[in-house]
Amino acid sequence: MYFNTTLSQVLIRCCASAFLMEILMARSPNSANLITFLQFFFIALHGFIFTAKLGKVKSKIPLRQYTLLVALFFITSTANNYVYVLHVPSTLHMIIRSASSPASMIVSWYTKKQRPKLTKCIGSILITIGVSLAMYGGATIAEQNKGEFYYWCIGVVILLSTLFLGALTGLQQEILFRKYGKHPDEMLFYSNALPLPLFIGIYPQLRDIASSLPIDIWIFTALSIICQFYCTHSVHEFATKESSVTVTFILTLRRFISLLISSIVFKNSLTVLHVLGTVFVALGTFIYFDFFESRRQAPVSMKKDK
């Protein structure tokens, strides 16, 4: 019962957040950094009131230990925003981000010197093939628009780079949790609060964009901020109750649902290569996480951390 409820919350809230973000990027692609700043601010404000208790509760993890995590999280969040103005379709954006599993495997292999299982290697290869097919499908669309292909290439490079930065972010979270214990609410608060001063560097851009947004965009922005807050909160809660394998699989499933919604509602240019790439990504994800093997075994007991 708990699993079904939390799973539904993650899927519904995160899909709603992705849906609203795509509406905003279609109507105002230059507002991505402003939306990110407002999301950071809202989560930080909520955490300051309810997690830090207006500063009365000290952090369990020393603040200096958050430095690398905050830097990686900020760069990853803001870098992804520029992809929207570089003519990278949202469908391709979501498919590439679904390759987070092989990126994490490579980073973990390199840093921990731990050779991955054969199923993980096979799954990663299938996911990489799927992403490559989707990238090629996106390239054929971009080439049809004169002058956009160059910017498309830059956007794809940024997306691929942030995959590995995101993997490093997850590795740093794992290190902090292992050393100081699991404190997801605290980490959610500080990872959003500490980067806020970094937005000063783009304050003129944020001010100009904020002053030019029409009222309907502000309404969608407010809804997006709320949905993103509940999405992030649900994922953090889910991560403390279930295994990382389950969490990653569910988040990948969420991306595919978002992709389906995007293709149906927004009528995005979805080529045969996009569809074939999505099949490879889905199959690779199942193999990567030994999902077929787990189905042949007895019902898997859920991890219950108290």
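Student: Which hand does the crossing of α3 and α7 have?
Tutor: The crossing of α3 and α7 is left-handed, meaning that the near helix is turned anticlockwise from the far one by less than a right angle. Helices here are DSSP runs (H or I, at least four residues), numbered from the N terminus. Please note that this is a predicted model, in which local features need pLDDT of at least 70 and side-chain atom pairs count only at pLDDT 80 or more, while totals for chains, interfaces and linings use all residues. Residues are numbered from 1 along each chain, and side-chain values use heavy atoms, without hydrogens and water.

Student: At what angle do the axes of α3 and α7 cross?
Tutor: The axes of α3 (residues 67-82) and α7 (residues 149-180) cross at roughly 155° and come within 9 Å. Axes are lines fitted to C-alpha atoms over the stretch in contact, with angles from 0 to 180 degrees between N-to-C directions. The two helices are therefore roughly antiparallel, a term for angles over 145 degrees.

Student: Which residues of α3 meet α7?
Tutor: Among them are Leu68, Phe73 and Ala79 in α3, and the residues they and others meet in α7 include Ile158 and Leu176. Contact means heavy atoms within 4.5 Å.

Student: New topic: what does Leu34 touch?
Tutor: Leu34 touches Leu206, Ile209, Ala210, Leu213 and Trp218, leaving aside residues up to four places away in sequence.

Technical notes: Angles under 35 degrees count as roughly parallel, over 145 as roughly antiparallel, 65 to 115 as roughly perpendicular and the rest as oblique.
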